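Grab a pencil and work through these exercises with the model open beside you. Each task comes with a step-by-step solution.

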Amino acid sequence: MAHVIEENGELILKLSLRERIFAFHSNPRAKVSDLISTTESTKPWSAEVLRGVRAPGTGIPYVVLLGTMRFKGGKDFTAVYKCGPVKIYEFSAGEFKRWIVSI
């Protein structure tokens, strides 16, 4: 399961080999200084949490969502499993606006 680690001033979303394959992406990275906030949500499949369309990645509704979610203002990276709670990392700069990760 994906988890976030801090290393040398960077946040790294560590993905397993299987997650990297199904997400079509390597481990996302962001500067710690770009982190705006972290929040938690108990409803990962709601419209308040997920925005846009998945491309590329793997998605089976209410089972797994791995990969990039693209929307008009940018893109988010998701590693969501089943209906458990998620942690949302929001960034001011970088490749992704948010990381949405199951906890």
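**Exercise 1.** Is Val63 buried, exposed or partly exposed?

*Solution.* Start with the cut-offs: buried is under 20% relative accessible area, exposed is over 50%, and partly exposed is in between, using a 1.4 Å probe and protein chains only. Val63 has a relative accessible area of 40%, so Val63 is partly exposed. Before going on, note that this is a predicted model, where local features need pLDDT of at least 70, side-chain atom pairs count only at pLDDT 80 or more, and totals for chains, interfaces and linings use all residues. Numbering runs from 1 along each chain as its sequence is written, and side-chain values use heavy atoms, with hydrogens and water left out.

**Exercise 2.** Where does Val63 sit, and which residues does Val63 touch?

*Solution.* Helices (H or I, at least four residues) and strands (E, at least two) are DSSP runs, numbered from the N terminus. On that basis, Val63 belongs to the loop between β5 and β6. Now look for contacts, meaning heavy atoms within 4.5 Å. Skipping residues up to four places away in sequence, you get Trp45, Val80, Tyr81 and Lys82. As for Tyr81, it is 18 residues from Val63 along the chain, yet their C-alpha atoms are separated by 5.7 Å.

**Exercise 3.** Work out which strands are joined to β6, and how they run.

*Solution.* Strands pair if DSSP finds at least two bridges between them. Take β5 (residues 53–60): six bridges join it to β6, and the two run antiparallel. In this pairing Val53 stands opposite Arg70. The β5–β6 hairpin has three residues between its strands, and Tyr62 in the turn shows a positive phi of about 65 degrees. Then take β7 (residues 74–81): eight bridges join it to β6, again antiparallel. Here Gly67 faces Thr78, and the hairpin linking β6 to β7 goes through two residues. As for burial, six of the eight residues in β6 (residues 64–71) are buried.

**Exercise 4.** What kind of aromatic pair do Trp45 and Tyr62 form?

*Solution.* Rings of Phe, Tyr and Trp (its six-membered ring) pair if their centres lie within 6.5 Å; planes under 30 degrees apart are stacked, over 60 edge-to-face, and the rest tilted. The whole structure has four aromatic pairs. Trp45 and Tyr62 come out at 5.4 Å centre to centre with 45 degrees between the planes, which is tilted. Trp45 lies in the loop between β4 (35–41) and β5, and Tyr62 in the one between β5 and β6, so the pair ties together parts 17 residues apart in sequence. Tyr62 itself counts as exposed, at 52% relative accessibility.
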